Amino acid sequence: MTGTHDEPIPALLATLQAGWSNPFYRRLWQGQGQGLGSPRELEQLLCEARFGELPIVRKDDLKRHADEIMCWDGAVDVVSSSGTTGRPVDIPLLAAEEQNRVDRVRRTIREIGVGPNGRVLDLLSLNDMFALGPQMWLAIKAEGAMAIRCQAARLQRILDVVHYLKPGFVVGNPHVLVAMAEDAIANGLWPDRALLPRAAVFAVAATFQSDLLPAPVVQRVQELWGIETYTSQYGCSEAGTLAYECGHHRGYHINDGDNLIELIDPDTGAACGPGQAGEVVITALALPRGFLPIRYGTNDIAAWIDHRACDCGRTSSRLGPVIGRRDHQLKIKGQTLFPELLLQVVDESRLARHCAIGVRKTELGADEATILVVPAEGVDGGDLVHRLEAILTRHVPVLPRLSLIEESQLRALEERELQRTNGVKVPRVLAL
Ligand SMILES: [Zn+2]
């Protein structure tokens, strides 16, 4: 059912019982053909391995039924998750839950040796829209290390910290780390390798590809910063860290004592086997929670990696990179295509300076996608289309149209799309 070997029945039962005392879940399970009338029937459901029959809950449910579903008693913090329209999703963090989330981040950072007397250059934002920032800060301190908070945009401050405080670790978005180094190099300010941190936690970015090779951005950070060891993690604001990379980089190891993870085929609702991409659906195992996820659909699309034990010795399931979003799923000539995967492949080719996916619905309701590409400097347009087509064919079952576009034109399309959404992130999937 989950890719794990043993069903965590007692913890899962406790979660379902907690769900039964929540007015939202009780109503949901009593209705919708579930017809569950008592906690005893929930137990029965688990014994019969029918957990997968419980309905999937989505962010829209959190918006519509926030007052029922959220538990604010004992909350010590709020995690805000960006929404495009309507009521924002504010999630209460209970004291024990915050501790549990921080413990999961601690497991990630211990992978690169963060511990007592370690010095960590922490470039993550502590702002209200970013759940990981404060949890990382608390995790570093809980390990007995020193968190040196720096705003990524303040380059001179960071260079001073590197020079005078000599942090051995850095935590940040790898794309930001690359931009920062390139900026400093262009201005003749980049310090000697010997001064720079040797180990990194990469956050909020894909660090590896579906074939488990490092993402080009990771290789670039390693070149520029001289990073020798790194880790990264996967999670969501609704539930915190779900999985992390070990030093062998064989995919994300699931924190399977804290959350149950299922991968569900978005079309059929069936559980996915190894290699088959599906939506990441989570259920809390560690309680309590301000928001209790029980079969909560994260919208992220990923696939299980083979079930062999990792070289680090862990035998738990390993998750591949997030290759798309469920609500961005396109149907082209009967095939499922995730625009994020296309964008990732184009980005990694280094042939394009800028790209996005334009999507249009045909009169018959099918999707028509066009990859809009601005060629990288020195790359010929005609040549680019042929080379990208050859690369994309290796990754996707059906090839959308490729179209060259002027940088200014693409920016204008993004700007128009930005007006329609919440304005937090520059959109890369554009309605044409
Ligand atoms: Zn491992």
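Before I start on pairs: I call two strands paired if DSSP finds at least two bridges between them. I also keep in mind that this is a predicted model.

**Entry: strands 3 and 4.** I looked up strand 3 (residues 119-122) and found that it pairs with strand 4 in the parallel sense, over four bridges. Across that pairing, Arg119 has Met146 of strand 4 opposite. I then followed the chain: strand 3, helix 7 (residues 132-142) and strand 4 form a β-α-β unit, and it is right-handed.

**Entry: strand 5.** Strand 3 also pairs in the parallel sense with strand 5 (residues 169-172), over three bridges. Here I noted Leu121 opposite Val170 of strand 5.

Entry: What is the strand order in the open sheet? I read it as 4-3-5-6-7-8-9-13, eight strands with mixed pairing. Strand 4 (146-149) and strand 13 (318-319) each have a single partner strand, so they stand at the edges and one side of each has no neighbour in the sheet.

**Entry: an antiparallel pair.** Strand 7 (residues 229-236) and strand 8 (residues 240-245) pair in the antiparallel sense over four bridges. I picked out Cys236, whose bridge partner in strand 8 is Gly240.

**Entry: Val76.** I found Val76 in strand 1 (residues 75-81). Is Val76 buried or partly exposed? It counts as partly exposed, because 13 other C-beta atoms lie within 10 Å. Beyond its neighbours within four places in sequence, Val76 is in contact with Leu93, Leu94, Ala95 and Glu98. From Val76 to Ser349 I noted 45 Å, C-alpha to C-alpha, with the two 273 residues apart in sequence.

Technical notes:
Residues are numbered from 1 along each chain as its sequence is written. This is a predicted model: local features need pLDDT of at least 70, side-chain atom pairs count only at pLDDT 80 or more; totals for chains, interfaces and linings use all residues. Helices (H or I, at least four residues) and strands (E, at least two) are DSSP runs, numbered from the N terminus. A crossover is right-handed if, with the strands pointing away from the viewer, the path from the first strand over the helix to the second runs clockwise. A residue is buried if 20 or more other C-beta atoms lie within 10 Å of its own, exposed if 12 or fewer, and partly exposed in between; C-beta atoms are placed from the backbone. Two residues are in contact if their C-beta atoms, placed from the backbone, lie within 7 Å.
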